[in-house]
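Hi there,

Here is the structure I promised to pass on to you. Have a look at it first, and then read my notes below.

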Amino acid sequence: MSVLASPRDAAPRRAGSPRGIRHGEAVAGWLFTLPVLVILGVFLLVPVLMALWVSFSDWSGRGSPLSSGVGFVGLDNYAAVTTGGGLAERDFGVALRNNAWYVLLVVPLQTGLALFLAVLVNRAVLRGRGVFRTAFYFPSVTSSVAITVLWLFLFSTSGVVNTILARVGIAGPNWFNEPSGVLHNLLGALGVRTGPDVLTQHGFLGVTWWDWLAGPSVAMSAFVLMAIFTTSGTFMLLFIAGLQNITPEVEEAAMVDGANAWQRFWRITLPQLKPTLFTVLTLGLIGCWQVFDQIYTGTQGGPGKTTLTPAYLSYQSAFLSQEWGQGAAIAFILFVIIVLLTILQRWVLRDRPDVPRRVRRRGRAPSATVTSTTEDAR
Amino acid sequence: MSRITRRPPPPTRHRMPRKAFAWQLGLYALLVLLALVYVYPFLVQLATSVKTEADAAADPVSLVPDPLTWAAYGRLFLRSDFPVWFANSAVVTILVTAGRVFFDSLAGYALARLTFRGRGVVYAALVAVMAVPTVVLLIPKFLVINQLGIYDSYAGMVLPLLVDAAGVFIMKNFFESVPRSVEEQARIDGAGTFRIFWSVVLPMARPALVTIVILSFQGSWNELSHFIVAAQSPELTTLTKGVASLASGQLSQGSQYPIKLAAAAIMTIPVAVVFFVFQRRIMNTSEGAVKE
């Protein structure tokens, strides 16, 4: 540091020899990155390694997990939550079920709504673009705790949502106290109250297939709506940026060729938004598997464990039930799930060399000019 | 391209303005409706925070309190731990923001400008770090904080948040977009690396620094899970933890929605202020982020 703090003394030497400059730069480079490396190393890399050890140990939370009294138990913790046949396995299965439905609903809905809002705001040629953008984005800046508190009020039994529903003649559910699955309720309305034996007699992770297919509980659905409300604004901004990067020429050419707004959106705008779409889907997927704050603040997994998520279960097992090994094991399984799904998504949305050609061939149908302009624009 | 633009305009052109106007009118109606859906919950929050408990239960939809009362705010500030929570959040947020501004820009500058052996490795390590989901780190962070003996202290709450890989990337990208000529001039004049960074480069980096300030402020003010695992004593409770405990019914019997919503409203104010002050920057930030 002293060399850096008194640069004038060091300067002549550096100016004299090029090796001196390189050497000074190397020292400075490491000094400049050192704080970041140390903090991330100590609070990120080391913790992950320690937790990995805990997930293979029988540490009970007392003393240091590195002390001699702590034993290596191999894959026991992982086995307990995946094949144990006990409560731990069932809880993990239920948590995965809940979060899978959450992801299945939130990711497409928030992406769709964000894109819809972006297109609307972008189409507004008069005034107030900024006002609308602000209104849609504002929920994203507030903390998940504050939003959850608000949501508990809005969706309480005689709260705002149910009052408004009552005015149009609908008896709203008891949102955050209602454990029944949405799909089961729909089937129930059609008269189907129990599943076929094939589904009820067999299962996965201690949860029958019939229960896997229950859909998100009514309580979880309220969280789904909350996630859509809070994240659509952020992703809208990303889509607006993407839309503004698209040159208008291609769309104008398509307009001249008689393509209607709907066709132009699907065939011209959307394909050009693919990089943004990829970002939004990836961020959404990663975020949705980490639901924790809302559950901690709002329901603590209830009612009937239907808002339990793997992230919250991991916290609960370790900090509340003192099953540290199992908690750490759940966290690592969750990590693997997130990584695998991200890779899968990357693979599904990968740039296939034959796809653009096919789009182009279809685009040729109305007129050849669209094709040539598309190629010009590239 | 030019061939198309020089084409004579289609005959339907004269009917377009009226049709386009109707289109825009419908578009605005839809936008206003949607904006109301997004804004209304926050208006309800503010209105309910100045209602009596009975009024909040009887007419939750109304935006007009009847009667208007500041009782919830009085209760929070005068007869609860709320001021302590607020102070803790403020201290942590200021420290974390200051730390991130300094350390992220230092590292970002080094990665963008300085050539040193191992730079590629440092860069790869940062990319790897960003891929680790934060929720997976709950138990790990607690283990290390505990092992280091800084559990239940400001050090444990602040140190782990003091740098963030994403901020380093934002700064690195910014410095790469700045021409080198100014720095070279300073170097010829005999300034050392830190001097160049501190008095030449950093002042130019204001736009990117503002971005870091916004992101760190928002991130640390709204952080919950880290504080859950880093501290437990009541005097170290932050707003997020405190309000979360309010939500699950401590401090009160019955629903007590005015108090809870008042607490949630107050904790929203600082981020809302930052948001409105730096609004243009926030919107541009994410635009920049996508282009990269």
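In this predicted model, the C-alpha centres of domain 1 and domain 2 of chain B are 34 Å apart. If you want to find the two domains, the domain assignment of chain B places domain 1 at 12–69 and domain 2 at 80–291.

The two domains do touch: seven residues of domain 1 of chain B are in contact with eight residues of domain 2 of chain B. On the domain 1 side, α2 (16–49) and α3 (53–58) of chain B each give at least two of the touching residues. The largest share is that of α2(B), with four residues. Sorted by class, this side of domain 1 of chain B has two nonpolar, three polar and two charged residues.

Next, the meeting of the chains. Here 91 residues of chain A are in contact with 82 residues of chain B. Helix α3 (residues 18–55) of chain A makes the largest contribution to the chain A side, 22 residues. That side of chain A comprises 60 nonpolar, 24 polar and seven charged residues.

One more helix for you to look at: why is helix α7 (residues 144–154) of chain A described as largely enclosed by the rest of the structure? Eleven of its eleven residues are buried, so the rest of the structure largely encloses helix α7 of chain A. Among the buried residues of α7(A) are A:S144, A:T148, A:W151 and A:L154.

Enjoy exploring, and write back with any questions!

Best wishes

How values were computed
Residues are numbered from 1 along each chain as its sequence is written. Chains are lettered from A and ligands numbered from 1 in the order in which they are written. This is a predicted model: local features need pLDDT of at least 70, side-chain atom pairs count only at pLDDT 80 or more; totals for chains, interfaces and linings use all residues. Domain bounds come from an automatic or database domain assignment. Ala, Val, Leu, Ile, Met, Phe, Trp, Tyr, Cys and Pro count as nonpolar, Asp, Glu, Lys and Arg as charged, and the others, Gly among them, as polar. A residue is buried if 20 or more other C-beta atoms lie within 10 Å of its own, exposed if 12 or fewer, and partly exposed in between; C-beta atoms are placed from the backbone.
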